[in-house]
Amino acid sequence: VTAVIKYKIKDAEKFLLEVMDQKDALSDTSMGIIARLILDSKWEDLKGNTINDQITTKVRREGTKFGIEVLQVTLKDIIQVIAIRTFSGGSTEIFS
């Protein structure tokens, strides 16, 4: 999943002096929120804009801690995949 975060700095002092690695802090926080929401959602719920609105609301709340006003978070690409596991017919022989 890739997300685009549109934001503006509301509190420059907080953003520059109180937050280390500002972009990483916003990115890491956002990806954690996105992961939680996606894992708790059904595929049908992820197809519409509702998920973007939910993500934006939660990221906006966290962004204020960094002196940032989050305007919008949009999932750029999200696809449904099928996980396939392969098992080899390994040997039970023990080699010494």
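1. In this note, two residues are said to touch, or to be in contact, when they have heavy atoms within 4.5 Å of each other. By that criterion Leu46 touches Ile38, Ser41, Ile51 and Ile78, leaving aside residues up to four places away in sequence. The model is a predicted one, in which local features need pLDDT of at least 70 and side-chain atom pairs count only at pLDDT 80 or more, while totals for chains, interfaces and linings use all residues. Residues are numbered from 1 along each chain as its sequence is written, and side-chain values use heavy atoms, with hydrogens and water left out.

2. On the overall layout, the protein chain has 4 helices and 2 strands, where helices (H or I, at least four residues) and strands (E, at least two) are DSSP runs numbered from the N terminus. Read from the N terminus on, the elements follow the order β-α-α-α-α-β. The radius of gyration is 20 Å, well over the 12 Å that the globule rule gives for 96 residues, so the protein chain is more spread out than a compact globule. That radius is taken over C-alpha atoms, and the rule is 2.2 Å times the number of residues to the power 0.38. Along the principal axes, the C-alpha atoms fill a box of roughly 65 × 40 × 20 Å.

3. Among contacts with a separation of 6 or more, 71% come from residues 24 or more positions apart.

4. How do helix α2 and helix α4 pack? Helix α2 (residues 22-39) and helix α4 (residues 50-63) meet at an angle of about 140 degrees, and their axes are 10 Å apart. The axes are lines fitted to C-alpha atoms, for helices over the stretch in contact, and angles run from 0 to 180 degrees between N-to-C directions. The pair is therefore oblique, since angles under 35 degrees count as roughly parallel, over 145 as roughly antiparallel, 65 to 115 as roughly perpendicular and the rest as oblique. The crossing of α2 and α4 is right-handed, which is the term used if the near helix is turned clockwise from the far one by less than a right angle, left-handed being the term if anticlockwise.

5. The residues that make this contact are Leu26, Thr29, Ser30, Ile33, Ile34 and Leu37 from α2, together with Ile51, Gln54, Ile55, Lys58, Val59 and Glu62 from α4. By class, the contact of α2 with α4 has 7 nonpolar, 3 polar and 2 charged residues; Ala, Val, Leu, Ile, Met, Phe, Trp, Tyr, Cys and Pro count as nonpolar, Asp, Glu, Lys and Arg as charged, and the others, Gly among them, as polar.

6. Ser30, found in helix α2, is buried, with a relative accessible area of 1%. Beyond residues up to four places away in sequence, Ser30 touches Ile5 and Val59. The C-alpha atoms of Ser30 and Ile68, 38 residues apart along the chain, are separated by 13 Å.

7. Two further buried residues lie in other helices. Leu46 belongs to helix α3 (residues 43-46) and has a relative accessible area of 9%, so Leu46 counts as buried; its C-alpha atom is separated by 9.4 Å from that of Leu75, 29 residues apart along the chain. Asn52 lies in helix α4 and, at 9% relative accessibility, counts as buried. Asn52 touches Val73, Thr74 and Leu75, again not counting residues up to four places away in sequence.

8. Asp21 lies in the loop between α1 (12-18) and α2, and at 52% relative accessibility Asp21 counts as exposed. Asp21 also has a positive phi of about 50 degrees although it is not a glycine. Most residues other than glycine have a negative phi.

Definitions and conventions
Buried means under 20% relative accessible area, exposed over 50%, partly exposed in between (1.4 Å probe, protein chains only).
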